[in-house]
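Hi everyone, thanks for coming. I'd like to walk you through one protein today, a piece at a time.

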Amino acid sequence: MKKILIIEDEKSIAELERDYLEVNGFETEIAFTGEDGLIKATTKEYDLILLDLMLPGMDGFELCKQIRQVKDIPILMVTARKEDIDMIRGFDRGADDYIAKPFNPNELVARVKAHLTRYDRLVNKSHSKKEIRVQGLYIDESSRQIFINGEEKQFTAKEFDLLTFLASNPNQVFSKDHLFERIWGIDAFGDISTVTVHVRKIREKIEMNPSTPIFIETVWGVGYRFKEFG
Ligand code: CA
């Protein structure tokens with residue numbers, strides 16, 4: 001059974017969300033404050049989070065950012081303010097979607113289902129994919145070997161993990177923060193410049209011309225994206 005965390009300080013809304021989700025076969029848990037939501041979200045297992053933006057104490061954006069450092073499950077922001085919606089659209093690290101209050105509970109359930117399906121597909125895809133072949137680049141995940149045009153190249157463990165992660169999720173932009181946390185872990189020693197250095201080393205090995213890379217694209221001001229080859 002999929003488990004949803006509801007972070008919402010208004011009791012009636014939290015209960016409305018809970019009731020509709022439970023009727024539709026979900027298990028739910030409610031956090032009435034941002035602090036409680038953060039503790040629950042980071043220490044327990046959920047499949048999706050419904051996050052109210054207007055919370056006493058901790059701002060929903062800050063909360064989302066902190067949850068994102070440890071979880072990559074879908075986060076749907078719920079808000080009544082038009083300005084928030086504009087901000088969510090421009091918010092590069094965090095929310096997967098937003099729902100405007102007042103919402104139609106059936107639509108909320110439909111969105112939750114859609115995001116869970118999408119996320120499952122993403123996770124299964126990256127788990128089942130053991131070989132990646134694109135444009136002369138061949139990654140064998142089980143033997144941890146990488147070949148360029150048939151010639152094996154040597155990669156450090158982190159270079160391998162970083163390239164494989166990006167190549168497994170083509171056409172998605174990841175921030176350097178996200179990549180650092182994902183590959184090195186939040187407690188690791190280092191910072192986002194570590195990511196830059198590793199990308200440079202990877203490019204030197206896989207690109208014909210590292211200064212005009214074709215595999216890992218730099219998205220200025222945001223991060224990196226592995227190109228999707230048709
Ligand atoms: Ca609220």
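Okay, let's start at the calcium ion. Its protein donors are Asp 9 (OD), Asp 52 (OD) and Met 54 (O), and they lie 2.2 to 2.3 Å from the ion. A donor here is an N, O or S atom within 2.8 Å of the metal, or 3.2 Å for Na, K and Ca, and water is not among the atoms, so sites may look incomplete. Along the sequence, the spacing of the donor residues reads D-x42-D-x1-M. Asp 9 lies in the loop between β1 (3-7) and α1 (11-23), while Met 54 lies in the loop between β3 (48-52) and α3 (60-68), so this pair ties together parts that are 45 residues apart in sequence. When I say helix or strand, I mean DSSP runs numbered from the N terminus: H or I with at least four residues for helices, E with at least two for strands.

Quick housekeeping before we move on. This is a predicted model, where local features need pLDDT of at least 70 and side-chain atom pairs count only at pLDDT 80 or more, while totals for chains, interfaces and linings use all residues. Residues are numbered from 1 along each chain as its sequence is written, and side-chain values use heavy atoms, with hydrogens and water left out.

The cut-offs are under 20% for buried, over 50% for exposed, and partly exposed in between, using a 1.4 Å probe and protein chains only.

Now zoom out. The protein is divided into domain 1 (3-124) and domain 2 (131-226), with bounds from an automatic or database domain assignment. Their centres, taken over C-alpha atoms, are 31 Å apart. In total there are 8 helices and 12 strands, and buried residues make up 45% of the 230 residues.

Next, the aromatics. How many aromatic pairs does the structure hold? There are 5. Rings of Phe, Tyr and Trp (its six-membered ring) pair if their centres lie within 6.5 Å; planes under 30 degrees apart are stacked, over 60 edge-to-face, and the rest tilted. Take Phe 165 and Phe 174: their centres are 4.8 Å apart and their planes are at 55°, so that pair is tilted. Phe 165 is buried at 12%, and Phe 174 is buried at 7%. Then there's Phe 180 with Trp 184, at 5.5 Å and 10°, so that pair is stacked. Both sit in helix α7 (residues 176-184), 4 residues apart, about one turn of the helix. Phe 215, Phe 226 and Phe 229 form one aromatic cluster.

Some rings have a charge over them, meaning NZ of Lys or CZ of Arg is within 6 Å of the ring centre and within 35 degrees of the ring normal. The charged end of Arg 133 sits over the ring of Tyr 138, 4.1 Å from its centre. Lys 205 does this with Phe 155, at 5.0 Å.

Most residues other than glycine have a negative phi, and most peptide bonds are trans. Here, though, a cis peptide bond joins Lys 101 and Pro 102, with omega about -5°. Gln 135 has a positive phi, near 45°, and lies in the loop between β6 (131-134) and β7 (137-140). Gln 135 is exposed, at 53%.
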